[in-house]
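Thanks for coming, everyone. Have a look at the structure on the screen, and I'll talk you through some of the contacts in it.

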Amino acid sequence: IQNAKLEYDVYHDSLTGMKNRLFFWDDLNKINLQADKNHIPVTVMLFDLDRFKEVNDTYGHDAGDTVLKTIAKRLLQMVRVSDTVCRQGGDEFVILIPEFADTASLEKLAIKLRDEIQKPCTIKNYQLSVSASIGIATYPENGDTVDAIIQSADTAMYRAKIDTDSRICFARYLKSIDPI
C-alpha cells in the first residue's frame, strides 16, 4: 500500500489530484513511440490560464486553488477516456490526445474547452472567471520528438495569448531545413 501511495504521489498533482508533468512526459513518450510505429497522429493542447494572477492577488491563494480545482474537474469531464489531462504546474494544463480526427475536430474541442474554462466559478459569494490561451501541436507535423512537440505547443500557446479574439492557435508546420 505504501508503494502504491508513493507512486500515486509521484505521478499526480497534490492540489487537483490530476496527473502531473512527470506522468504527462512518460505517457507522451509511450504514445509517441506507438504513434511512430503505427503512423497515428497525436495532439498536444497546452493551456495557460489568463487573468489567474488577478484572482490570486485580489481574492487570495485559497480562491486561486479553488479555481484550479474547478478547471481541472471541467477539463477531465470533457475529454475521452483515452486522452490524458495533466496539470503542468502553476496555471498550466495540458491534454494529450491520441488519434484525433482532423484539424476541424481539434478546433471544435479547443473552443468547447476554452468556453468551459471561461464559465464563472462561485467562490465565497464571488463569481470569478478566467480565460485560457490554448496552443495546439500535432505529431508528426509539428515535431518528430517529444521535446519538439511540446515546444511547438508552447510557441502556439504564446501566439494564442496575442490573438485576443479566439485565444486558440495551431502550431505552424515545422520542418528542419538541411544546409546546402
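**Asp48 and its surroundings**

Let's start with Asp48: leaving aside its neighbours within four places in sequence, Asp48 is in contact with Asp91, Glu92, Ser131, Ala132, Ser133, Met157 and Lys161, where contact means heavy atoms within 4.5 Å. Before I go on, this is a predicted model, so local features need pLDDT of at least 70, side-chain atom pairs count only at pLDDT 80 or more, and totals for chains, interfaces and linings use all residues. Residues are numbered from 1 along each chain as its sequence is written, and side-chain values use heavy atoms, with hydrogens and water left out.

Where does Asp48 sit? You'll find Asp48 in strand β2, residues 42-50. Helices (H or I, at least four residues) and strands (E, at least two) are DSSP runs, numbered from the N terminus. Asp48 is buried, at 11% relative accessible area; buried means under 20%, exposed over 50%, and partly exposed in between, with a 1.4 Å probe and protein chains only.

Now the charges. Side chains of opposite charge can pair when their charged atoms come close. Asp48 has a salt bridge with Lys161, and their closest N and O atoms are 2.6 Å apart. The term means a side-chain nitrogen of Lys or Arg within 4 Å of a carboxyl oxygen of Asp or Glu. Lys161 is in helix α6 and Asp48 in strand β2, so this pair ties together parts that are 113 residues apart in sequence. Lys161 itself is partly exposed, with a relative accessible area of 24%.

How many salt bridges does a search of the whole structure find? The count is nine. One of them pairs Lys53 with Asp57, 2.6 Å from N to O. Both of those residues lie in helix α3 (residues 52-59), four residues apart, or about one turn of the helix. Lys53 is exposed, and Asp57 is too. Another salt bridge joins Asp115 and Arg114, at 3.0 Å from N to O. Here Asp115 is partly exposed at 34% relative accessible area, while Arg114 is buried at 13%. There's also a network: salt bridges that share partners join Asp48, Asp50, Lys161 and Arg167.

Last stop, the helices. In α2, Phe24, Trp25, Leu28, Asn29 and Asn32 meet Val146, Asp147, Ile149 and Ile150 in α6. So that's what I wanted to show you; over to you for questions.
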